[in-house]
Amino acid sequence: KQPEIIRRKDMDQKKVAILGWMGTCLSIVMYVSYVFVIMGNVSGHKSGFIQPLAATFNCIVWFAYGLLKEKRDYPIMFANAPGIVFGFVAVLTSIF
């Protein structure tokens with residue numbers, strides 16, 4: 001039988017993993033919301049490009065961090081991948 005502290009640590013790690021995946025889902029929703037910015041840009045209601053540009057670079061850095069860790073951090077990678085794509089498209093559509 002495992003000591004109480006080990007069982008408790010395992011339970012806490014499960015909760016942390018669930019929290020990580022919840023954060024991943026919320027990040028994806030946040031970055032997919034750029035679709036509405038992109039649609040506005042394409043229809044002629046241009047918005048600024050600084051915020052989506054900053055978000056794109058932020059997502060690139062976090063994605064690289066998740067990728068380059070010794071043990072890849074998939075929740076961080078999945079959470080930031082949509083931000084790279086949609087942020088970049090939002091930047092392009094706000095400029096052109």
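The largest nonpolar core of the predicted structure is made up of six residues, namely Y31, Y34, I38, A55, C59 and A90. Two elements, α2 (34-42) and α3 (50-68), each give two or more residues to this core. Within this group, A55 touches both Y31 and Y34, when residues up to four places away in sequence are not counted. In soluble globular proteins, nonpolar side chains tend to be buried together.

Helix α2 can be considered in terms of its two sides. The residues Y34, I38, G40 and N41 of α2 are buried, and, because they cover an arc of only 160° around the axis, they lie on the same side of the helix. On the other side of α2, by contrast, F36 and V42 are exposed. The helix is followed by G44, a residue whose phi is positive, near 105°.

Nonpolar residues are also found on the surface, where F49, I50, F88, L92, I95 and F96 form a patch that has, together, about 630 Å² of accessible area. The element that gives the most to this patch is helix α4, which spans residues 74-95 and gives three residues. A further member of the patch, F96, lies in the segment after α4. This residue, F96, has a relative accessible area of 71%, and it is therefore classed as exposed, a term that applies over 50%.

Technical notes. Residues are numbered from 1 along each chain as its sequence is written. This is a predicted model: local features need pLDDT of at least 70, side-chain atom pairs count only at pLDDT 80 or more; totals for chains, interfaces and linings use all residues. Side-chain values use heavy atoms; hydrogens and water are left out. A nonpolar core is a set of buried Ala, Val, Leu, Ile, Met, Phe, Trp, Tyr and Cys residues joined through side-chain atoms within 4.5 Å. Buried means under 20% relative accessible area, exposed over 50%, partly exposed in between (1.4 Å probe, protein chains only). Helices (H or I, at least four residues) and strands (E, at least two) are DSSP runs, numbered from the N terminus. Contact means heavy atoms within 4.5 Å. Patches are made of residues with over 30% relative accessible area and no salt bridge: like charges are joined within 9 Å, nonpolar side chains (Val, Leu, Ile, Met, Phe, Trp, Tyr) within 5 Å. Accessible areas come from the Shrake-Rupley method with a 1.4 Å probe; for residues, only the protein chains shown count as cover. A salt bridge is a side-chain nitrogen of Lys or Arg within 4 Å of a carboxyl oxygen of Asp or Glu. The arc is that of the directions from the helix axis to the C-beta atoms.
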